[in-house]
Every structure is written in structure tokens, then in C-alpha cells.
Amino acid sequence: FMTGQYTGHTEVRGNKEYWRDAAMVRYGENEEYSRVGQHPYSAEHIILPEIMKDNGYATAMFGKWAGGYEGSHSTPDKRGIEEFYGYICQYQAHLYYPNFLNRYSTIEGDTTLLRVILEENIKHPQKGEEYKLRTQYSADMIHQRAMAWLRSQEEDKPFFGILTYTLPHAELVQPEDSLLAYYRDKFAEDRNAPHWSRYNTARDAHAQFAAMVSRLDMYVGEILELLKAKGLDDDTLVIFTSDNGPHDEGGADPSFFGFNAALRGI
């Protein structure tokens, strides 16, 4: 999508990490890496947002970047993105209540990519039972930021937005609201998924996953409704796609939902 290349020809073919040997920093009682992110896009290869910006489009990206680590030559601020809010790092995106998100906003006067510390979250640990006391849910924060950017767009200037939402991903957790309660009632016989890698224990994994899908569906509906309300829906091309298929990471259960249909594997 970004490079226009067949997958086998791209330089980025996996999640090569650049944080493993970085020094640690603290947010409250929580330790984090001082540098996060993955292998960058080649500096010699023009990517799609750069093309759109050069052709007069307002450009923005909200969600997950994973196209270069902090401080590299390939961060959103250096690759044609005028507004970015979300995760620079796919590994960081495994937590929905993180210690920080990344931002680059020409509207707010940013001159480089920076970290936005989530002050309410860092009052509580990122592991264990107290994790559920965190209140700043990244998926909703990213969506609201994307909606604000869309509201600012007008028909006299073309715009190009990339909304790489993280729902539903491996950490099965979200706000305790009516949407989650609905699926808890629907799946009376549910299961818990134990702590694994970066993820905390997931309770009611089936209900969590189903509610996350519905939450994403709600976000997409709000985007389409906003475009229509602004009179931009007839002249805006919306493409919805996914980044990967069924998996069991973090407690997801592809067999329960029949994700594979007649196919094998995950």
C-alpha cells in the first residue's frame, strides 16, 4: 500500500525491532524503551503520502505507523504526513491503555515527532490487576483525533487520510460499557486468556473480541456519516481493508467465530 511494490520486493518484510537495546525511561512506576519502532521505509523510495502531498492533498494518518523507528529517516513527519496521532511502533500498539502515544501535528506547531504522555494511565501499572484502572483508551483517542481532522476538511482542498486502526488486535480489552456488556450476555460460556508476552490477562475473550469488532464497525459508521453530513461522501473514495487474517495471539479464538471458514491454519 505504501510503496506500490509486490510484498516480495519491499525492503520491509517483517517487524524488525529497534527498541531491544535502547535505554529505559520511566513514566510513573512504568518502564519503557527510550526508542521504539521498526525497520524504516527506504529513503530512496517515494511512498504514497509523499505523492499525495506533492499533488496538493492534505495528508494525515491516525493509528499505527510501523514504518520506521523514532529518530529514523522514516517517521510520519519526514514522509509526507502532515498530521499523525497514534503508535509509531507496532509493539507498543499491543497495549490499548499505553503509557504514551506519538504525535506530529503541523496544526499544533510540531516540528518533529513527539511522545504524548497519557498522564491518567501512568498513574497505574501497565501489568497486573491494576492495569484495568487505566482510563485513556487509545483506540477511542485515535478515532476522535481522526474525526476532528475530518471535520476540518473542506471540499475546496483534496484530502488523503490513512486510518490504521488497531481494533481488533491481540490485547483483548476495552472500556466497561454497554457494548461489552451486550456480548457478555450473549456469550454466557466464555473463556479467559492468560497473560502472554506484552498482554495482560484477557477476561471473557469471546465477548471482548466481538465487542472490539463492533466498536470498529461503529467508528467506520461515524466516519461515513460525517462525510455525508459535510457533503463530501459523493467525492470521497473510502477503502476498508485488513492487515492480517485469523490468529490466536493474546487469547483470540478463531475456531469459535469460524474465521477460517473451510481453510486451515492461522
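Me: Which residues have the most contacts inside the largest nonpolar core?
Reply: This is a predicted model, where local features need pLDDT of at least 70, side-chain atom pairs count only at pLDDT 80 or more, and totals for chains, interfaces and linings use all residues. Residues are numbered from 1 along each chain as its sequence is written, and side-chain values use heavy atoms, without hydrogens and water. A nonpolar core is a set of buried (under 20% relative accessible area, 1.4 Å probe, protein chains only) Ala, Val, Leu, Ile, Met, Phe, Trp, Tyr and Cys residues joined through side-chain atoms within 4.5 Å. The largest has 36 residues, and those with the most contacts inside it are Tyr96 and Leu167.

Me: Which element gives the most to this core?
Reply: Strand 3, strand 4, helix 2 and helix 4 (205-229) each give two or more residues; helices (H or I, at least four residues) and strands (E, at least two) are DSSP runs, numbered from the N terminus. With eight residues, the top contributor is helix 4.

Me: In what order do the five strands form the open sheet?
Reply: Two strands pair if DSSP finds at least two bridges between them. The edge strands, pairing on one side only, are strand 6 (114-117) and strand 7 (159-164). The pairing is mixed, and the order is 6-5-4-3-7.

Notes: Buried < 20%, exposed > 50% of the residue type's maximum accessible area, 1.4 Å probe, protein only.
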